[in-house]
Amino acid sequence: FLYLLYLSIPSLHDSGRVQKDLHNKLFEEFGLNFSLSSDIAYRILPQPHFHIKDSKIFLNKEKAPDEIGEIKDLKIFISQKNLFKSETIKIKQIVLSKGNFFFNRQNLNFISNLFENEFSKRKIYIKKSKLFFKDSNNDITFIYTIDNLNFFKNEKINHQLFAAKGNIFNVPIKFNWEKNLNNKNIISNFKADKVDVNFINKSIFSNGNYKYENTLNILSNSFKTK
């Protein structure tokens, strides 16, 4: 009973204070500039977490904020340690569901910066969402339907891990990316079983530069390039 009572403490915190603290923690931990709505609910099951509806993600631009994401359901799972104050609450992982992400040539560097910088050891999950790419006329030219996507830093092996599963033009796509932070080597794998395409890229870091080895398998054919 005392344990359940302890887990319920975050529900007693001032919602405005919780909203501000969660915004700051998300930016510090993940580098994501969230605009969190005031519709925040605290739940104990299946694990202690805050459920926030209708949030948005912006590029970190003070003068002209650029919206890159609309998230219908955001769940922020928290550690069970030190729940007495909202500012001492620690994030374990976040789950974004039913979101729409918008990219064009002007803000596409957000994705490249994501892979260049070090991931958080806290996992980010994206489920049942869509990514839209727009051209210079603001017309949608590309849609990627995300079934499941997650990325994080595995501290045990010191690797960055990224995995995505979804659809492009109704073709199921799997994409996996892994970077060894010890030697900076990278392995990428793009796989589309429906059309029998499997592409593997190995980026080998040597003497301050990358060397690339590619293997492209299409049907029964295999092409290897350097």
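Begin by selecting tyrosine 144 and isoleucine 168: the bridge partner of tyrosine 144 in strand 8 is isoleucine 168. The model is predicted, so that local features require a pLDDT of at least 70 and side-chain atom pairs count only at pLDDT 80 or more, whereas totals for chains, interfaces and linings use all residues. Residues are numbered from 1 along each chain as its sequence is written, and side-chain values rest on heavy atoms, with hydrogens and water left out.

## The hairpins

Select residues 159-168, which form strand 8, together with strand 7; the two are antiparallel and are joined by ten bridges. Strands here are DSSP runs of E with at least two residues, helices are runs of H or I with at least four residues, and both are numbered from the N terminus. Two strands count as paired if DSSP finds at least two bridges between them. Four residues lie between strand 7 and strand 8 in their hairpin, and asparagine 158 has a positive phi near 60° there.

## Glutamine 160

Is glutamine 160 buried or exposed? This residue of strand 8 is buried because its relative accessible area is 1%; the class buried means under 20%, exposed over 50% and partly exposed in between, with a 1.4 Å probe and protein chains only. Display the side chain of glutamine 160: one of its polar atoms lies 3.1 Å from the backbone oxygen of asparagine 117. Beyond its neighbours within four places in sequence, glutamine 160 is in contact (heavy atoms within 4.5 Å) with residues including Phe115, Glu118, Phe152, Trp177 and Leu181.

## The largest pocket

Now display the largest pocket, whose volume is about 840 Å³. Its lining comprises 28 residues, and Ile111, Phe115, Leu131, Leu149 and Phe162 are the closest to its centre. At least two lining residues come from each of strand 5 (91-103), helix 3 (109-116), strand 6, strand 7, strand 8, strand 9 (171-180) and strand 10 (186-192).

On a 1 Å grid over the protein atoms alone, a pocket is an open set of points where a 1.4 Å probe fits, with protein on both sides within 12 Å along at least five of seven lines; lining residues have an atom within 4 Å of a point. Grid points are joined across faces, edges and corners, and the volume is the space filled by probe spheres set on them.

Select Leu74, Ile76, Ile94 and Leu96, the residues with the most contacts inside the largest nonpolar core, which has 46 residues. Such a core is a set of buried Ala, Val, Leu, Ile, Met, Phe, Trp, Tyr and Cys residues joined through side-chain atoms within 4.5 Å. Outside the four places on either side of it in sequence, isoleucine 76 touches residues that include Leu22, Leu26, Phe50, Ile52 and Ile91.

Move to histidine 51 in strand 3 (residues 49-58). Histidine 51 counts as buried because its relative accessibility is 19%. Its side chain makes a polar contact of 3.1 Å with the side chain of aspartate 73. A polar contact is a pair of N or O atoms within 3.5 Å; within protein, one must be able to donate a hydrogen and the other to accept it, and residues adjacent in sequence count only if both atoms are side-chain atoms.

## Backbone features in the loops

Most residues other than glycine have a negative phi, and most peptide bonds are trans. Select leucine 45 and proline 46: the peptide bond between them is cis, with omega near 0°. Proline 46 belongs to the loop between strand 2 (40-43) and strand 3.

Continue to lysine 184, in the loop between strand 9 and strand 10, where phi is positive at about 70°. Lysine 184 counts as partly exposed because its relative accessibility is 40%. Aspartate 196, in the loop between strand 10 and strand 11 (197-206), has a positive phi near 55°.

## The whole chain

Finally, show the entire protein chain, which contains three helices and 13 strands. Its C-alpha trace spans about 65 × 45 × 35 Å along the principal axes. Of its 226 residues, 39% count as buried.
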